[in-house]
Amino acid sequence: MEKLTASLEDYLEIIGNHSSSKRIRAIDISKQLNVSRASVSEALKKLAQKGYINHAKYNDIVLTELGLQKASDIRAKHSILQSFFENLLGLTKEEASENACKIEHVITDNAFKQISKYLEKHQNL
């Protein structure tokens with residue numbers, strides 16, 4: 001899979017978080033990320049061009065199979081990192097989530113695998 005920018009990964013994560021429970025529109029993303037509608041429109045256009053979403057102006061945003069997989073990977077990475085920060089380092093849920101969101105975009109695959117292995121071994125996660 002192609003490497004996405006941290007910003008585009010954030011968009012996919014938000015879309016993925018909403019894809020199974022309710023519809024999501026550009027305005028919803030704009031509010032959640034506190035960015036302009038123009039920024040959302042540009043990001044959605046890029047995600048559509050890369051094959052991660054299907055989206056027509058003023059319609060709901062739907063993840064493609066590729067988008068579903070990438071969003072799932074991002075959410076899993078966030079969850080594991082948050083668990084690491086919360087359960088092993090004792091951070092509050094909010095601080096753990098904030099750090100996980102920042103680090104999920106830049107952590108190397110090897111470092112992430114090592115954290116995952118550590119958690120599996122020591123936490124049964």
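**Helix contact and salt bridges**

Me: Which residues of helix 2 meet helix 3 here?
Reply: In this predicted model, Ala-26, Ile-27, Ile-29 and Ser-30 of helix 2 are the residues that meet helix 3, where their partners are Arg-37, Val-40 and Leu-44.

Me: How do the residues of that contact divide into nonpolar, polar and charged?
Reply: The residues where helix 2 touches helix 3 comprise five that are nonpolar, one that is polar and one that is charged.

Me: And at what angle do the two helices pack?
Reply: Helix 2, which covers residues 26-33, and helix 3, which covers residues 37-49, pack at an angle of about 115°, and their axes lie 9 Å apart.

Me: Is the crossing of helix 2 and helix 3 left-handed or right-handed?
Reply: The crossing of helix 2 and helix 3 is right-handed.

Me: Changing topic, how many salt bridges does the structure hold?
Reply: There are four salt bridges in the structure, and in general, side chains of opposite charge can pair when their charged atoms come close.

Me: Okay, which residue does Arg-25 meet in a salt bridge?
Reply: Arg-25 has Asp-28 as its partner, and their side chains meet with a distance of 3.5 Å from N to O.

Me: What about Lys-45, which residue does it form a salt bridge with?
Reply: Lys-45 forms a salt bridge with Glu-42, and the closest N and O atoms of this pair are 3.9 Å apart.

Me: Where do Lys-45 and Glu-42 lie?
Reply: Both Lys-45 and Glu-42 lie in helix 3, at a spacing of three residues, which is about one turn of the helix. As for accessibility, Lys-45 is partly exposed at 45% relative accessibility, and Glu-42 is partly exposed with a relative accessible area of 38%.

Me: And how far apart are the closest N and O atoms of Lys-102 and Glu-98?
Reply: The closest N and O atoms of Lys-102 and Glu-98, which form a salt bridge, are 3.2 Å apart. Lys-102 and Glu-98 are four residues apart in helix 5, which runs over residues 93-103, so about one helical turn separates them.

Me: Is Lys-102 buried or exposed?
Reply: Lys-102 counts as exposed, because its relative accessibility is 54% and the cut-off for exposed is over 50%.

Notes. Residues are numbered from 1 along each chain as its sequence is written. This is a predicted model: local features need pLDDT of at least 70, side-chain atom pairs count only at pLDDT 80 or more; totals for chains, interfaces and linings use all residues. Side-chain values use heavy atoms; hydrogens and water are left out. Axes are lines fitted to C-alpha atoms, for helices over the stretch in contact, and angles run from 0 to 180 degrees between N-to-C directions. A crossing is left-handed if the near helix is turned anticlockwise from the far one by less than a right angle, and right-handed if clockwise. Contact means heavy atoms within 4.5 Å. Ala, Val, Leu, Ile, Met, Phe, Trp, Tyr, Cys and Pro count as nonpolar, Asp, Glu, Lys and Arg as charged, and the others, Gly among them, as polar. Buried means under 20% relative accessible area, exposed over 50%, partly exposed in between (1.4 Å probe, protein chains only).
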